[in-house]
Amino acid sequence: MDTYLNNLNRWNIAYRCEVVVSQTHVSDVHLVEKAVFPEKMQDSLSDLKAFFANEEAHGLILRRGNKPVGVLKGLHLGLDNTSSELLNSEELIHKHDVTFYMDSVGILKDVRSTYVLDFLMHEMAIDMRRFNYQYVTAHARVKGGLSRLYQRRYKAKVLASYDDWGGFGETFDYILVDLKNIPVQSACRHLIYQFIRRLFALVT
C-alpha cells in the first residue's frame, strides 16, 4: 500500500472527480464508455439515463483538466447485478446491506495508469464510506489484466469466474474488495487537494 499512498500524495492536480448529478454528467459517462469499451459493453445514452434515475445508483466522472477521461458507476448489491447463488454464498450472505456493486470502471487509454486508477478508486472509497458501505464487488474483465490488477493492488477475492459473462465473449471474474484495503487520505488533506484541483480546473 506504500505505492498506493505515495500515488495519492503526488501533486498531480490535473485529475479530479465529479459525482454524476446532471444530464451533462450522464452524457460524459456515455462519451467515456464509447471510447473505452467494446461496442457490446457500451450502454446507450437512454440506458444510462434510466440507470442514474435509480436512487441507488452512484457514479463518478474522472476529469483531466475539464476533459472527461474516466468513469466509475454502480449501485447497491442485488439480484439485478449479482446471481442468487453468489448472494447466498458464505462470502456475501451477511454483506448485502454494506456492499456496492461497481457496474462500470473505465479510463481512457492515453491516461490509463495504476496512478490514475488508484486516484479513481480512492475517490470512490471516500464516497462509499460516506454511504456506510464496507465492500465493493464487480465483474472484472480478465482480458487486459484488470481482475489481476484488483487482486494484486486491492487484495480482491475472486468469488466466481464466467467464461462468457453477459454474452460479451470474454472471461470475467466476480471480485469482492474490502474497502479497508483502499486507504484514504485524511479529511483535511483531501479537502486541500480538492480545493487545489478545482482552482486548477478554473484556470485551464
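Okay, let's start with Asp127, which makes a salt bridge with Arg130, the closest N and O atoms being 3.2 Å apart. By salt bridge I mean a side-chain nitrogen of Lys or Arg within 4 Å of a carboxyl oxygen of Asp or Glu. Both residues sit in helix H5, 3 residues apart, about one turn of the helix. Helices here are DSSP runs of H or I with at least four residues, strands are runs of E with at least two, and both are numbered from the N terminus.

Quick word on the model: it is predicted, so local features need pLDDT of at least 70 and side-chain atom pairs count only at pLDDT 80 or more, while totals for chains, interfaces and linings use all residues. Residues are numbered from 1 along each chain as its sequence is written, and side-chain values use heavy atoms, with hydrogens and water left out.

Back to the salt bridges: the count comes to 9. Arg153 pairs with Asp118, with the closest N and O atoms 2.8 Å apart. Arg153 is in helix H6 and Asp118 in helix H5, so this pair ties together parts 35 residues apart in sequence. Both are buried, meaning under 20% relative accessible area, where exposed is over 50% and partly exposed is in between (1.4 Å probe, protein chains only).

Then there's Asp43 with Lys73, at 3.1 Å between the closest N and O atoms. That one links distant parts of the chain, from the loop between H2 and H3 to strand S3, 30 residues apart. Lys73 counts as buried because its relative accessibility is 1%, whereas Asp43, at 25%, is partly exposed.

Now, helix H3, residues 45-53. Which of its residues are buried? Leu48, Phe51 and Phe52. They cover an arc of only 85° around the axis, so they end up on the same side of H3; the arc is taken from the directions from the helix axis to the C-beta atoms. Ser46, Ala50 and Ala53 are exposed on the other side.

Last stop, Arg141. This residue belongs to strand S5, residues 135-141, and is buried because its relative accessible area is 18%. Leaving aside neighbours within four places in sequence, the contacts of Arg141 (heavy atoms within 4.5 Å) include Phe37, Met41, Leu146 and Glu170.
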